[in-house]
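User: I am new to this structure and would like a close look at one part, the place where the two chains meet. Please set that part in the context of the chains around it.

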Amino acid sequence: MSMEDYDFLFKIVLIGNAGVGKTCLVRRFTQGLFPPGQGATIGVDFMIKTVEINGEKVKLQIWDTAGQERFRSITQSYYRSANALILTYDITCEESFRCLPEWLREIEQYASNKVITVLVGNKIDLAERREVSQQRAEEFSEAQDMYYLETSAKESDNVEKLFLDLACRLISEARQNTLVNNVSSPLPGEGKSISYLTCCNFN
Amino acid sequence: MATKMADLDSPPKLSGVQPPSEGVGGGRCSEISAELIRSLTELQELEAVYERLCGEEVREELLEPGRRKLHPNLQLIEGDAKQLAGMITFTCNLAENVSSKVRQLDLAKNRLYQAIQRADDILDLKFCMDGVQTALRNEDYEQAAAHIHRYLCLDKSVIELSRQGKEGSMIDANLKLLQEAEQRLKAIVAEKFAIATKEGDLPQVERFFKIFPLLGLHEEGLRKFSEYLCKQVASKAEENLLMVLGTDMSDRRAAVIFADTLTLLFEGIARIVETHQPIVETYYGPGRLYTLIKYLQVECDRQVEKVVDKFIKQRDYHQQFRHVQNNLMRNSTTEKIEPSCTMQELIGLYVTMEEYFMRETVNKAVALDTYEKGQLTSSMVDDVFYIVKKCIGRALSSSSIDCLCAMINLATTELESDFRDVLCNKLRMGFPATTFQDIQRGVTSAVNIMHSSLQQGKFDTKGIESTDEAKLSFLVTLNNVEVCSENISTLKKTLESDCTKLFSQGIGGEQAQAKFDSCLSDLAAVSNKFRDLLQEGLTELNSTAIKPQLQPWINSFFSVSHNIEEEEFNDYEANDPWVQQFILNLEQQMAEFKASLSPVIYDSLTGLMTSLVAVELEKVVLKSTFNRLGGLQFDKELRSLIAYLTTVTTWTIRDKFARLSQMATILNLERVTEILDYWGPNSGPLTWRLTPAEVRQVLALRIDFRSEDIKRLRL
């Protein structure tokens, strides 16, 4: 597939505490792998996957960032150009959930105000070690007006759904933007003719 | 031959031969022809064939005893066959005889060789044993090692065999001595090497280093030698670091002294590798240098770690980082540092500092913005791009792709939001609508006013008292915006070519280029945002500065009657009533803009201006009345105007004035019906931009045309 052979291009950045499984989610989605014993990400990693949604080629640029505080200054620089952020925590780790407000502050400070944020509770394959109930997470995400999904990168649960639903929502946002702004402001996707979108069951 | 053999050897084929049927006369003929037999040479085959022939014979005797009488020739054949059998037996025996002798000879020869080899080895063993003893006595370790090496190369199984022979005890003794000598030599070499390294006696170190591989101790030799070299690296590095700590801060290289130390370290290691490459490759074989370098790399990392640690401590790096962090209003706790990620972390800290530096210096450049007369742009554009380029350039020199990308991202943010906001806010203040004379005065005098207020740093925040100042600010800002757009494109190209080299060295892994491209395309997209801003500003300028000026000049068209007689027409010829003054006004106004705006912006502005003139003039014309000579007058006026506008703009203005030109044509008609000479099938190359209704409307402007005639027209 050539570089320009797509209808939409979106940047998705994964953020969240160290060790919650961001890299595994990205690997599972882009390569179909679950790399066990994954070392900590240093800086940022970059993957591309092109998916087809209702006959449209959607190129997803996925930036996997280091969760550790000390690499934050590099990873933060990517928030601004992101079309979507996937804020990830580990359902077996209370601490990673407790840090979410802090992450939301970071998003507030560095990301574009049009960014779409999705909250992801990963590692549901370790249900017996769950520390954060689904209800709690749902209440939190509702209060913050975020879409919420629980995944398992290991069992490949909801991983495809996460990225594909997100792509759907990004497409419809991009189209709405084209409608509102006409052609004045450059958009992530190409300004194609507007057709009614029915594929998304987002929210 | 091989296939024939296979055929004959395979039992199914042989036994499967159908017995000759009784009904057929030729049944006695054997399947095996005489030619085939003659061509056979191998004993086995001959035997096989013979067996078969015998079998066939017996069968025939049993089955058809009577036939013999009927065929006396059989007697002859029988005789021949017997003779043949005799011959075959003879040949067979002969062959057996000959080949068995050859086989015996061959065996004998092989054993002889083995015997010689073993004798040689035993002699060598003895020779080695003697040699080792002598060499060891003479402390000729090279010679001793050479003997051991020879011994190690001997075929161990042969030696083992010899020990079981008659001379066993002697060989055993020799072997034992040799093995003892080997162990002793190993011990001696290890000991002497240790002493040599301890004393730093390089010739001795090298001497024993060369002996290790002869004793089959490649790994050990390299390990010990590497230890020796690493110790040297370490002590040199320590020495250098101590020197650094003693360096005065006023030293010329003080600022980069730690970087210098790292350079010294790397160069030192490179020199060591270079120096010892020949000896390693000669005595240890090709590819062994890698082992040495592996050891050195570990030491190198260890030393770099120390230098970086010292750097962080000495320069209060964390303290400074925290300071910067506080200034950026971020709350975070510093974590414990793990050595493995020190570099990445260091870069992370650096990026924050660089970002802070960039932001603060850009703010400073904006605050110190000055405009010099005769320039199109003010100082901050050049300053800002110099700063941004410098910051990214520094990040680039780290050779860390994450560092570079982060800096590009931060620069994108800085330009797209902070700096663009500065320019945007200036344009948002608008271009004050005043009279033409104000602008004339303003552009020349505003410079000083602006200059002084800029120095007080209140230019863009406090209310602007002088409209002149505001006007100049607006025009300069337009130029600034355009240059920003250009500069971003240039910056992108420069970075692209700068990084080609970096990528050809393969830094940052396979994703590096993709990361870089992605970040760079975000930066390049900012160029378009500045272009959009420029369009916004131009539209503003056109509607607030040009349109209000233009309106009265065009409206003055009303004051000139276009219901005129021959006499007035001639008078207009001599004393132009409207268009010359209009052109002059336009020229003067645009001249001011031409001086203050970049050619590209000026061109866009004249484009907007001509469109405006066409639209406004059309409105005025449609509200006026004409007679025949008045129409001719208007046609003349319009031609002058188009001729002038053609000289000031690079845009094609014919198109913009197409409707007006067609209106002039209509106003110039002799009589109403003449329009049909230009309309419909008679229009020729002319494309009418006026609708039939508009044509009637324009015809109605002629007071001398009767409305019934116009109504009657079939268009």
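Analyst: Start with chain A. Among its contacts with a separation of 6 or more, 74% are between residues 24 or more positions apart. The model is a predicted one. Chain A has 203 residues, and 54% of them count as buried. Its secondary structure consists of 6 helices and 6 strands. Read from the N terminus, the order is β-α-β-β-α-β-α-α-β-α-β-α.

Chain B has another make-up. It holds 27 helices and 0 strands. Of its 715 residues, 42% are buried. For contacts in chain B with a separation of 6 or more, the share from residues 24 or more positions apart is 77%.

Now the interface. Chain A brings 23 residues to the contact, and chain B brings 30 residues. Together the two chains bury about 2200 Å² between them. Carbon and sulfur atoms carry 52% of that area. On chain A, three residues stand out: Arg70(A), Ile74(A) and Arg80(A). They supply 30% of the area that chain A buries against chain B, more than any other three residues.

Which elements of chain A touch chain B? Strand S2 (44–53), strand S3 (56–65), helix H2 (72–76) and helix H4 (100–110) each supply at least two residues of that side. S2(A) gives the largest share, 4 residues. By class, the side of chain A that touches chain B has 10 nonpolar, 8 polar and 5 charged residues.

Over all chains, the structure holds 38 salt bridges. In chain A, Arg72(A) forms a salt bridge with Glu69(A), at 3.7 Å between the closest N and O atoms. Arg72(A) is buried, with a relative accessible area of 6%. Chain A also has a network of salt bridges, which links Glu94(A), Glu95(A), Arg98(A) and Arg136(A).

Glu239(B) forms a salt bridge with Lys236(B), the closest N and O atoms being 3.4 Å apart. Both residues lie in helix H11 (residues 218–245), 3 residues apart, about one turn of the helix. Glu239(B) has a relative accessible area of 47%, so it counts as partly exposed. Lys236(B) is partly exposed too, at 44%. The second pair is Lys515(B) and Asp402(B), whose side chains meet in a salt bridge at 2.9 Å, N to O. This pair links distant parts of the chain: Lys515(B) is in helix H20 and Asp402(B) in helix H17 (residues 401–428), 113 residues apart. Both Lys515(B) and Asp402(B) are buried.

Helix H20 also holds Ser543(B); the helix covers residues 512–555. Ser543(B) is partly exposed, at 40% relative accessibility. Its side chain reaches the backbone oxygen of Glu540(B) at 3.2 Å. The C-alpha atoms of Ser543(B) and Leu612(B) are 9.3 Å apart, although 69 residues separate them along the chain.

What about disulfides? Cys300(B) is buried, at 8% relative accessibility. Cys519(B) is in no disulfide either; the nearest cysteine sulfur, in Cys405(B), is 3.9 Å away. The cut-off for a disulfide is 2.5 Å. Cys519(B) is buried as well, at 0% relative accessibility.

One last stop is in chain A. Thr117(A) sits in strand S5 (residues 116–122). At 13% relative accessibility, Thr117(A) counts as buried. Beyond its neighbours within four places in sequence, Thr117(A) is in contact with Leu85(A), Leu87(A), Ile107(A), Met146(A) and Tyr147(A).

Definitions and conventions
Residues numbered from 1 in each chain as written. Chains lettered and ligands numbered in written order. Predicted model: local features only at pLDDT ≥ 70, side-chain atom pairs only at ≥ 80, totals over all residues. Heavy atoms only, no water. Contact = heavy atoms within 4.5 Å. Buried area = accessible area lost by both parts, 1.4 Å probe. Nonpolar A, V, L, I, M, F, W, Y, C, P; charged D, E, K, R; others polar. Buried < 20%, exposed > 50% of the residue type's maximum accessible area, 1.4 Å probe, protein only. Polar contact = N/O pair within 3.5 Å; in protein donor to acceptor, adjacent residues only side chain to side chain. Salt bridge = Lys/Arg side-chain N within 4 Å of Asp/Glu carboxyl O.
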